[in-house]
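Subject: Structure handover

Hi,

Here is the structure I promised to pass on. My notes follow it.

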Amino acid sequence: MGNADFIIATAGLLLFGGALSNKLSSRFNLPILLLFLGAGICAEFFLPFSGENYAGEINFLGIVAMSFILFSGGCDTSWGTVRDVALRGIILAVAGVVLTALITGAGAYFLLGATHSFSWCLLLGAIISSTDAAAVFATLRGRGIGLKGDLKPLLELESGSNDPTAAFLTLTMICLVLGSGRNVFWSIPLVAYQLGGGVLAGIGFGWLGRKVFHLRLDYEGLYFVVGVAWVLLCYSVCQLLGANGFMACYVCGIVQNSGRYNYQKALSKFYNGVAWLMQVGLFTVLGFLASPEELIKPSVWLPGVMLGLFLIFVARPAAVFICLFRSKYSTREKLMISWVGIRGAAPIVLATFPLAMGVEDATLMFRLIFFMVILSVTVQGWMLMPVAKWLKVAKEARREPEPPPLELEVTHSSAHQEMRELRVYPDSNIVGKTLAEIGLPRGVLVTMIRRDGKFIPPGGDTRIEAGDGMLIMADIKLLRDVEHKFFNR
């Protein structure tokens, strides 16, 4: 019982410290996910058991965590923003992963001095081939990084949809390494089925999810229970059908949040909180899976550094430039896309499969992958904004204002209404006028005005100033007309 209490207390401290480390991350420009990994590595010294003995359980946790992280990422992704980059994003998610795996595997074979078979090296390349959704989302969104053009949606779409290809390549190469892959390449069309099936399943679950959340439940808390259950069902049903559940969860989030349903705003915040919980827990536990005394051995860190640098500066850029050949992206933009090939939890989770399936030297492979991930998160995450500025693709990140004290939740009675804060620009024709003089249409209610960081109650004689944020409630269509007429630049 004492051990259980100690483990619970340690878990609470790790989660609490991980959440507060966001302040440390912002102040010192440290990738927050690296702090979680470090916390897990430190926990290895204090907990009364070894993480390597629980690789299967950690693999299961990783699968569940990635499902929620990808679903939450989908909820935060607007189809309108990714529609124009969908084709290039899918090319990077499929062909880009295959090319990265091949180039990394070939590089590993020579950098390791041909001490392992070529198929073993290709397996290592397959595991590390995909960019990680949790790492990319946390880096681009959590730190408010701004990139010009459509680089950000392209990178988020790629990272959210390339895990199926990496998983397929990993399982294929495991079969080859174990000598059970005589006919494995005849199953290559399965990757098309897994990708296509995942997309179709995600669309179906997303559309059906909006219908499910329109049901009237007796208690508000049950909507959040249904939200958790829906993500689990989306992943598991898709997997049982032989398609890819990770792809389904990401697409489901995009489709479900493209419409309106009960408690949509509260559920979006809930999913975001669960995703952060999963990221904190997952990266901490994955750090706990590593053996610190093994990572510092020259036989691990030296080839790990060489392979990590080869991946960052050779394999990833080569794959990106081949996939984006004759595209609209400039050389600077392609270099930026190459740099945001951040690795994270997904490769480490995939690296537990060779451990579980008895691949020779799987422990060494896991430690090399782990070191490559640490190097990727550290170097690429830490230097992301300096590199973006050097390549002249950075833009000033938009600082989201503090949420207003009032919010109109989506329910059966308010499904046709919306409340939004609209900003008054200096060149707007309503600057200097009172609310009564503006002449807003009937049915439009100005509930509050944000000014100088404070909210003031509006009245007919309240004079509008440049920079004001007007919190307006109206019918959805009417609110869009008001925004177009009075607030567009």
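Let me start inside. Gln256 is buried, with a relative accessible area of 0%. The cut-off for buried is under 20%, so Gln256 qualifies. Gln256 belongs to helix α12, residues 245-256. What does Gln256 touch, leaving aside residues up to four places away in sequence? The list holds Phe71, Phe205, Gly206, Gly209, Arg210, Phe213, Trp230, Tyr261 and Tyr271.

Bear in mind that this is a predicted model.

**Aromatic pairs**

Two of those contacts, Phe71 and Tyr271, come up again here. Ring pairs link Phe71 and Tyr271 with Phe224 and Phe270 in a cluster. Searching the whole structure gives 11 aromatic pairs. One of the pairs is Tyr109 with Phe110. Their ring centres are 5.6 Å apart and the planes stand at 85 degrees, so this pair is edge-to-face. The cut-off for that label is over 60 degrees. How accessible are the two residues? Tyr109 is partly exposed, at 25% relative accessible area. Phe110 counts as exposed, at 65%.

**Overall picture**

The protein chain has 21 helices and four strands. Of its 489 residues, 51% are buried. Take the contacts between residues at least 6 apart in sequence: 80% of them join residues at least 24 apart.

**The sheet**

The four strands form an open sheet in the order β1-β4-β2-β3, with antiparallel pairing. Which strands stand at the edges? They are β1 (417-423) and β3 (454-456). Each has a single partner strand, so one side of each has no neighbour in the sheet. From one strand to the next, the twist averages 25 degrees.

Helix α21, residues 476-487, packs on this sheet. The helix touches β1 and β4, and its direction makes about 140 degrees with that of β4.

Now the pairings of β4, residues 469-475. Seven bridges join β4 to β1, and the two run antiparallel. In that pairing, Glu418 has Ala474 in β4 as its bridge partner. Five bridges join β4 to β2 (residues 445-451), also antiparallel. Leu445 stands opposite Met473 in β4. Arg450 has Gly469 in β4 as its bridge partner. Is β4 mostly covered or mostly open? Mostly covered: five of its seven residues are buried.

As background, strands of a sheet pair through backbone hydrogen bonds, either parallel or antiparallel.

**A kinked helix**

Helix α15 spans residues 298-323, which is 26 residues. From first C-alpha to last, α15 reaches 35 Å.

**Loop residues to look at**

Two residues other than glycine have a positive phi.

- Ala114: phi is about 55 degrees. This residue sits in the loop between α5 (86-111) and α6 (118-127). Ala114 is partly exposed, with a relative accessible area of 42%.
- Lys392: phi is near 60 degrees. This residue is found in the loop between α19 (384-390) and β1. Lys392 counts as exposed, at 58% relative accessibility.

A further loop residue is Asp427, between β1 and α20 (435-438). Is Asp427 buried or exposed? Asp427 counts as exposed, at 57% relative accessibility. The cut-off for exposed is over 50%. Asp427 and Asn488 are 61 residues apart in sequence. In space, their C-alpha atoms are 9.9 Å apart.

Best wishes

Definitions and conventions. Residues numbered from 1 in each chain as written. Predicted model: local features only at pLDDT ≥ 70, side-chain atom pairs only at ≥ 80, totals over all residues. Heavy atoms only, no water. Expected span 1.5 Å × (residues − 1). Pairing = 2+ DSSP bridges. Axes fitted to C-alpha atoms, helices over the stretch in contact; angles between N-to-C directions. Contact = heavy atoms within 4.5 Å. Phe/Tyr/Trp six-rings, centres within 6.5 Å; stacked < 30°, edge-to-face > 60°. Buried < 20%, exposed > 50% of the residue type's maximum accessible area, 1.4 Å probe, protein only.
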